[in-house]
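The terms are given with their cut-offs where they are first needed.

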Amino acid sequence: MIAYITRRLLLIAPVLLGVSIGSFALLQLVPGDPAMILAGQEATEEVLTRIRHEHGLDQPVAIQFLVYLRNAVGGNLGISIQSRQPVATLIAQRFPFTLRLAFLAILVSAALGVVAGIVAATRRNSMLDLAALLGSLVGISLPIFWLGLLMMLVFSVRLQWFPAGGSGTATHLVLPALVLGASSSAVIARMTRASMLEVLRQDYVRTARAKGLREQIVIYRHALKNAMIPILTVFGLEFGYNLGGAVLTETVFSLPGLGRLIVEGIFARDYPVVQGAMLVVATTFVLVNLLTDIAYAFFDPRIRYE
Amino acid sequence: MRRVVGLSLSAMLLGSAALPMAVPTAAQQAVRGGTLTFATGADPDSLDPQNTQSNPGEQVNRMMHENLIRFNAKMQLEPGLAESWSVSKDGLTWTFKLRKGVKFHDGTAFDAKAVKYFFDRVLGDEKPFKASLYTPVVQAAEVVDDATVRVRLKQPFGAFLFIMAHSAGAIVSPAAHQKWGKDLALHPVGTGPFKFVEWVKGDHVTMERNDAYWGGRPNLDRVLVKTVREDQSRVLMLESGDADLIVNIPTEEIPRLKKDPRFTIESSPTARALFIVINVKKKPFDDVRVRQALNYAVNRDAIVKELFQNNAQVIPGPVSPLQNGYAQLSGYAHDPKKARELLAQAGKPSLRVKLWSPKGRFVKDYELAQAVQQDLAAVGVEATLSTLEWGAYLAATKAPVDQTDRELFLLGWSPSTGEARWGTFPLLHSSQFAPKGDNRGFFASRALDEAIDKATLATTDPARLGALREAQQIAINEAPYIFLISPNMIVGTSKKVRDVVNLPLELTYLTEKSWKEK
């Protein structure tokens, strides 16, 4: 196990190198000049030249990449072109928001998705199944933007239960977590249903029932545990996705998260910020997937990593 | 020495449409205390006024810092940290008499030394971003006594007071600049009615009242400026009571919000001009008749009425009425017949053109370009409309003349100094061709250059205004743009909030007088 984890951790390095090359190349391909965006329409040539020089943008692209790589290896993610702050500081400010939101959202989607999926699978072809299927279809299809604004309209403007966006208190995170969780829960519900249906057909479930075990125990102890592997995979992916891709939720609810940092960074052509944030997202993605793989072994003791 | 306290442009303003300023229902007694939450569209770029290059930064800076001279809400100049000023006959030496007993938020004294420090900083080696406003103009500053500063210019400069009223002319505590250096951007120290508390990047800036403010104790205890990118989210925050003040309300939301008795929606004119730049180096746009025809084709009144629902005004030339130096001249009427005639004379009875517009950078920019596209089609000019993301658009419209095939492209310009010389020089002077300057259509006219130069070097106000008038007339005749409109800024507040300043430079901020009902 230890050897396996070590091997997986060592794999992070090539992944990060790949991500660095990819994001750097993509950013270079996008037209637009960071200095022009920063300094605005009124900027003089002198100011533009100075900004470019300050951030090494006047160097050949290959040199820029090597400098970035050397610094990144040494733990220095560079300075933001827009705010002239260290990228590491900006990420450190944003990451906790994103982590909290992603965590709460995954709780919401677990509560909604797994329960709906089990109910649907155990009462196959009933009205409840149909409702769960339909609900998840709606959940997948609803744009987050629309759902977020609708939730604000109902729970902030009409009922005044929760603040309409912003951050600061725990109540600020309720609506965003619900919105983000709802969209993942749809995927998870469908996966749970499919996986449970598969498992419920197995011999050992029939055996468990034949033994006279209570239906509850059959479902939760025997079936669900075995159905968990594909569900966990989706959890891992959704959680990873929420870390960098919750930008729509973050924008609607004005949360200063990592997703927004990346998207605003792209609009501003703030290369160091985008590259730094991509590294963090990629690292966490790899770590979350590693944790998922380890969790497989917990749910299915037959799985061994050697 | 002549005294020129409080230059006035009221004469020009009276001529323009009446300004819909917020009028409180009754003269109520201001209430003290409370926190005002202001939701704005973007995070400040910096809180060091000499390095701030964006409106979100400028409007926060204006609550904490002050200039020697300031704009009032009608863009007239009035005394700020200077009580009075005068200029020598040759226009080269300005003397400022400073307000006494003013202190910076860090307790150090505001005096002539602090003002000299400001000039030394912008003229010196540090070269903050906005230094370029001052370096071409100012030679040096000297302390005459504690409350008197003398500034020597390199050349007479008609708009000198306007660059002093610019957000970048704010006087910062020298002690703070020495202490923080580059990090002054995170630790602003000025003399304004509000003091800095904290800035959580991407989220909010908090300020608290400055009890030692020379203009009297501010009414509000605290101001919280929140970054809320999404237009609809800001509207919902106003409706839910999570924000007291919001900016950039989408036009389609205005009628609904106006009906709601809980809110005040203020639509006020700005200094911004929107226009479609014509690349005059491309045929057939080198022919003035073609450019004039394009101008006659557009129905500006219909655009203002239908598209902007009157939250805009028609402008005759390149300058908006709220730029100091605007001249009331007659522009192009909507005359499709004349447009066709001019095109026929130019040998182009039908024409295919490429039209570009940003989408979402200016109020209704893309819709505006679509309206122009339809009007052009009506006179036989078929325009294909395409858009680019703003960052790419800025770069694409600034390519040098031999590397571009751009023809017509929509742009907006709000001169940050609030006057028409900066509304014309960077855009239309032949020395300012892109990519060096902002003359993105490569327009060149010796007569226009001379008029702008005359305005630049003017030593009296009448001379400056006269030269600017001449420049605008030449621009209208030569039609380097399709002249369009000046959009309003649309700000919403809770009815409980009073005395918010909406400066036509698209800056919204609070002063010591702003207050909020309990």
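1. Buried here means under 20% relative accessible area, exposed over 50%, and partly exposed in between, with a 1.4 Å probe and protein chains only. Helices are DSSP runs of H or I with at least four residues, numbered from the N terminus. In helix 8 of chain B, the buried residues are Val290(B), Arg291(B), Gln292(B), Ala293(B), Leu294(B), Asn295(B), Tyr296(B) and Ala297(B).

2. The model is predicted: local features need pLDDT of at least 70, side-chain atom pairs count only at pLDDT 80 or more, and totals for chains, interfaces and linings use all residues. Residues are numbered from 1 along each chain as its sequence is written, chains are lettered from A in the order in which they are written, and side-chain values use heavy atoms, without hydrogens or water.

3. Helix 8 of chain B spans residues 288–297 and is mostly covered, 8 of its 10 residues being buried. At its start, a side-chain oxygen of Asp287(B) lies within 2.8 Å of the backbone nitrogen of Arg289(B).

4. A nonpolar core is a set of buried Ala, Val, Leu, Ile, Met, Phe, Trp, Tyr and Cys residues joined through side-chain atoms within 4.5 Å. The largest has 128 residues, and Leu408(B) and Ile482(B) are among those with the most contacts inside it. Helix 11 of chain A (residues 215–245) supplies the largest share, 13 residues. A second, separate core of 72 residues includes Met63(B) and Phe118(B).

5. Contact means heavy atoms within 4.5 Å. Beyond four places in sequence, Leu408(B) touches residues including Phe285(B), Leu294(B), Trp356(B) and Ile482(B).

6. Ser136(A), in helix 7 of chain A, is buried, with a relative accessible area of 6%.

Key: Helices (H or I, at least four residues) and strands (E, at least two) are DSSP runs, numbered from the N terminus. A polar contact is a pair of N or O atoms within 3.5 Å; within protein, one must be able to donate a hydrogen and the other to accept it, and residues adjacent in sequence count only if both atoms are side-chain atoms.
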